[in-house]
Amino acid sequence: GASDNERYAKMGLSNADVATYPGLTPTKAVEYLRGNQDEEQVTDSSGVTVAGTFRARSSRLGDIVNSTPVIFTKQENFGFSGLPGTAGTSYTTFIENRRNSNQQPMVYVGANDGYLHAFSGTDGREVFGFMPNGALTSIGRLLNPKYQHQYYVDGPVAVSDAQIGAAWGTVLVGSTGAGSKSLFALNVTNPSGVGPNQVLWELDGASNPDIGHMLGKALIVPIN
């Protein structure tokens with residue numbers, strides 16, 4: 001039930017910003033940010049804009065600066081079989097089941113288009129993209145034809161197996177790095193099935209003033 005102005009505000013667009021884009025709707029803005037190029041500016045040979053209102057991109061994938069790609073395959077083994085009791089034995093079963101599955105290799109990386117991207121390691125197609133709230137609050141700047149580079153999802157990515165509730169699964173922890181003050185975790189046990197319910201949590205500076213820019217890589221480890 002949010003109004004258009006409320007939706008624009010969540011993207012960091014003021015009323016003055018909105019007025020510079022004739023025919024703008026929240027749907028058009030979102031579709032552009034998801035990679036649709038229909039509303040991108042087109043210029044003639046003299047540099048005059050003849051169509052479109054949003055910034056023309058050289059690539060739909062944003063630049064990758066400080067977020068190093070992480071490769072994850074079904075052969076991964078993080079050594080948790082050595083844990084005592086059922087935690088260790090159940091992990092052995094978990095990795096054996098994954099090794100015998102048809103799970104495709106994945107490549108995870110953050111980009112300065114506002115997304116954590118998950119690509120198939122088999123054919124390079126995007127399996128899913130996740131935009132943390134830490135990037136959402138200023139993402140509208142990417143529409144601006146006069147946009148000057150800024151960081152969005154620029155932090156390192158960590159992927160490891162972990163116990164999610166009572167069962168083993170695979171967790172991704174990433175940050176927005178220099179882009180904003182945000183740390184997030186996703187359940188990527190089944191990469192092709194990632195949706196809103198697989199967002200485990202997000203911590204940001206807006207809800208916790210003690211959180212700053214996180215430039216280091218997270219550690220995912222068992223604790224007592």
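## Strand 5

Of the 5 residues of strand 5, 5 are buried, so this strand is largely enclosed by the rest of the structure. Buried here means under 20% relative accessible area, exposed means over 50%, and partly exposed lies in between (1.4 Å probe, protein chains only). Both faces of strand 5 are covered: Leu116, Ala118 and Ser120 are buried on one side, and His117 and Phe119 on the other. Helices (H or I, at least four residues) and strands (E, at least two) are DSSP runs, numbered from the N terminus.

The model is predicted: local features need pLDDT of at least 70, side-chain atom pairs count only at pLDDT 80 or more, and totals for chains, interfaces and linings use all residues. Residues are numbered from 1 along each chain as its sequence is written, and side-chain values use heavy atoms, with hydrogens and water left out.

Two strands pair if DSSP finds at least two bridges between them.

Strand 4 and strand 5 are paired in the antiparallel sense over 5 bridges. Val109 has His117 of strand 5 as its bridge partner, and Val107 stands opposite Phe119 of strand 5. The hairpin of these strands, strand 4 and strand 5, has 5 residues between the strands, and Gly114 takes a positive phi near 100 degrees there. On to strand 6, strand 5 is joined by 4 bridges, again in antiparallel fashion. Ala118 stands opposite Phe128 in strand 6. The hairpin of strand 5 and strand 6 has 5 residues between the strands, and in it Gly124 takes a positive phi near 80 degrees.

## Nonpolar cores

The largest nonpolar core has 33 residues, and Tyr108, Leu116, Leu143 and Leu172 have the most contacts inside it. Such a core is a set of buried Ala, Val, Leu, Ile, Met, Phe, Trp, Tyr and Cys residues joined through side-chain atoms within 4.5 Å. At least two residues of this core come from each of helix 3 (26–33), strand 3 (70–72), strand 4 (106–110), strand 5 (116–120), strand 6 (126–130), strand 7 (157–164) and strand 9 (182–187). Helix 3 gives the largest share, 3 residues. Apart from this core lies another, of 7 residues, among them Ala158, Ala162, Val171 and Leu183.

Not counting residues up to four places away in sequence, Tyr108 touches residues including Phe72, His117, Ala118, Phe128, Val159 and Leu172. Contact means heavy atoms within 4.5 Å.

Another open sheet of 4 strands has the order 7-8-9-10 with antiparallel pairing. Its edge strands, strand 7 and strand 10 (199–204), each pair on one side only. Strand 7 is joined by 8 bridges to strand 8 (residues 167–175), and the two run antiparallel. Ala162 stands opposite Gly169 in strand 8. Helix 4 packs on the sheet, touching strand 7 and strand 8, and its direction makes about 80 degrees with that of strand 8.

Arg98 is found in helix 4 (residues 86–99). The residue Arg98 is buried, with a relative accessible area of 5%. Leaving aside neighbours within four places in sequence, Arg98 is in contact with Phe72, Lys74, Glu76, Tyr91, Gln103, Asp161 and Thr170.

## Aromatic residues

The structure holds 10 aromatic pairs. Rings of Phe, Tyr and Trp (its six-membered ring) pair if their centres lie within 6.5 Å; planes under 30 degrees apart count as stacked, over 60 as edge-to-face and the rest as tilted. The rings of Tyr21 and Phe54 have centres 5.6 Å apart and planes at 75 degrees, so this pair is edge-to-face. Tyr21 lies in the loop between helix 2 (15–19) and helix 3, and Phe54 in the loop between strand 2 (49–51) and strand 3, 33 residues apart. Both Tyr21 and Phe54 are buried.

The rings of Phe78 and Phe80 have centres 6.4 Å apart and planes at 25 degrees, so the pair is stacked. Phe78 counts as partly exposed at 30% relative accessibility, whereas Phe80 counts as buried at 10%. Phe72, Phe78, Phe80, Tyr91, Phe94 and Trp168 form one aromatic cluster.

Definitions and conventions: Axes fitted to C-alpha atoms, helices over the stretch in contact; angles between N-to-C directions.
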